[in-house]
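User: Could you go through this model with me? I'd like to start with the aromatic side chains and then look at surface charge.

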Amino acid sequence: MAATAFDSFYLRDRYGTRAMRAIWDDRATIQRWLDVEAALALTEAELGIVPRAAARAIARAARVSRLDLGAMRREFDRTWNPVLPLVDALRARLPPAAARFVHWGATSRNIIDTATALQIRASYELVLRDSEAVERELARLAARHRDTLMAGRTHGQHALPVTFGWKCAVWLDELMRQRERLLASRPRVLVGQFGGAVGTLASLGGAGLRVERRLMRRLGLGMPRVPVKTAGDRFAEFFLLLAMLSATLGKIAQNVYNLQLTDIDELRESPRGKVGSSAMPHKQNPVASGSVVLLGRLLRARAGTMLDYVHAEWEDDHRQGETGWAFPQEVCLLVSAQLAISRRLLAGLVVKPRNMLRNLERAGGVVLSEAVMMALAPKLGRDRAHALVLRVGRESRRSGVPFREAVRRHPEVRAQLQPAQLSAALDYRRSLGQAGRFVDLVLADWRRQPVNRSRRPRR
C-alpha cells in the first residue's frame, strides 16, 4: 500500500499527473538506465572497443521487463549501489561473451546522471506543453475582459481602477517569461555525464573523448566541457526554474482565491461536480485555486534541497547523489499538478463584472483620488493637491459621504476645477491609463510566439 500522497491511488492525481508519473516511476527510471547502458555498448562497438555482437546482445536485453526487479532490490539493500544490481541483472540475461562488456568504462553516476538528463528532457516537453495551455486560457481571459473594470488593490486596499483583462495580461506576461527561461536553459541543462570514475575518462584512454562525443550524439544530449560527476548546477537550474514557474502559478491562484472571498465575490470557480462541505450545503469552497497555492508551497519547500544538490565535496559525493534520488520526481510531479489544475481553474472561471463595478462603487470612488490630485496639481502644486485630497478623503470617511460626492461638494476643489475637468477626474475609465494598450501589447507578443502564430484567443 502506498504511504505518500504522490503514490496514493486516492490522492496521487492531486499531487501529480499520470503523464509525469510515467516519466519518473521506478520502471521508467530503470529503463532509462538501461537505455544509457545499451547506447554505451553500441557506441563502443562502433569505435571497435567492444565486439559488435556483444553490443547488439546488450541492446536487445536492455528491457526492464526482462529483469528480476525483486533481485535487484535485494542486491541494492545489500550493496547500497543502485546501478551495480542493474549491471548484474543485465549480465544475467546475456551469454558470458557479451556480459563481460556491460558497463564498459563507466561508473554508476555516469549512468544515473545521463539517464536523469533524458527524464528531464521528457519533463521539459510536458511542462512547456502544459504552460502553453495555461497561457491560452489567460490570453482568452485577457482578450475577453480587456475593458472589464475592477479595483486594483495594493496592500489589500483599493488603489486605482484597472481591468480584469489587464490583470490577466500581467499574469500571462510573467508566465511567458518563465517559459522563455525554460527554453533558454535547455542547452545548459540537457547535458549527459560520461567521464568515468572521477571525470577524466581515464578508463578508456585515448578513445574516451570519442566515446563520450558519440554517446551523447546518440542520446541527443549535449556534451560538457569537463564531464565531472559533481556538476549539480545543470540539473539544479531546471528544478529551480520549475520553482519559479510554480511561484507564478501560485501567485495567479492566490489572486483568484482572494477574489472569491464572500465579501469580494468577483470571481468564482466552476461549480461542476464540487461539494464544498459535508456539513454546510451552501458552501462552494475555492478548492482548485487553493490546491494550486498549496502545491506551490510544497514545491518551494524543496528549493533548499535543489541548492544542496549543487553543493558537493571532492570528485564525487554520495550525499549529493542520494539527494538526486529524492527531489527531482517530486518537483516535477508537483508542478505538473499545478499546471493541470491551473488550466482547469482558468478554463472554467466565472467572472462577475457587475460585482467588480459594485465593489468600486462600494468604496465611494476613492480609487479616483490620484486622478483628482493630478487634476489639481497644475494649479496648486503636487504637495498641496495631495494634502487637499487627503483631507477630503478623511472627511468623506468620517461623514459617510461617498468620496466622489465629497470631492464635488468641496469648495476648494470647485474653485480650482471646471465642471468638465472634475467630471473627467471622477470617471473610472479615464483613470485606466494605458491598461488597454498593455493588454494589446501582451497579447500581440503572445501571438508572435511560434506555438501561437495560428491561434487567436477565444472570447
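User: Which residues form one aromatic cluster here?

Analyst: Bearing in mind that this is a predicted model, the cluster is made up of Tyr124, Phe238, Phe239 and Phe327.

User: And how many aromatic pairs turn up in a search of the whole structure?

Analyst: The search finds seven aromatic pairs. One of them joins Tyr124 and Phe238 in a tilted arrangement, with 4.5 Å centre to centre and 45° between the planes. Because Tyr124 belongs to helix H7 (residues 108-144) and Phe238 to helix H10 (residues 233-258), this pair ties together parts that lie 114 residues apart in sequence.

User: Is Tyr124 buried or exposed?

Analyst: Tyr124 is buried, its relative accessible area being 1%, and Phe238 is buried as well, at 0%.

User: What about Phe239 and Phe327, how are they arranged?

Analyst: Phe239 and Phe327 form an edge-to-face pair, with 5.2 Å centre to centre and 80° between the planes. That pair also links distant parts of the chain, since Phe239 sits in helix H10 and Phe327 in helix H13 (residues 318-347), 88 residues apart. Both Phe239 and Phe327 are buried.

User: Switching to charge, which residues gather in the positive patch on the surface?

Analyst: The patch of positive charge brings together Arg52, Arg56, Arg60, Arg63, Arg66 and Arg93.

User: Where is Arg63 placed?

Analyst: Arg63 is in the loop between helix H3 (52-61) and helix H4 (69-79).

User: Why does Arg63 count as partly exposed?

Analyst: Because its relative accessibility is 40%, and partly exposed covers the range between the buried limit, under 20%, and the exposed one, over 50%.

Key
Residues are numbered from 1 along each chain as its sequence is written. This is a predicted model: local features need pLDDT of at least 70, side-chain atom pairs count only at pLDDT 80 or more; totals for chains, interfaces and linings use all residues. Side-chain values use heavy atoms; hydrogens and water are left out. Patches are made of residues with over 30% relative accessible area and no salt bridge: like charges are joined within 9 Å, nonpolar side chains (Val, Leu, Ile, Met, Phe, Trp, Tyr) within 5 Å. Accessible areas come from the Shrake-Rupley method with a 1.4 Å probe; for residues, only the protein chains shown count as cover. A salt bridge is a side-chain nitrogen of Lys or Arg within 4 Å of a carboxyl oxygen of Asp or Glu. Lys and Arg count as positive and Asp and Glu as negative; His and the chain ends are not counted. The place of a charge is taken as NZ of Lys, CZ of Arg, CG of Asp or CD of Glu. Helices (H or I, at least four residues) and strands (E, at least two) are DSSP runs, numbered from the N terminus. Buried means under 20% relative accessible area, exposed over 50%, partly exposed in between (1.4 Å probe, protein chains only). Rings of Phe, Tyr and Trp (its six-membered ring) pair if their centres lie within 6.5 Å; planes under 30 degrees apart count as stacked, over 60 as edge-to-face and the rest as tilted.
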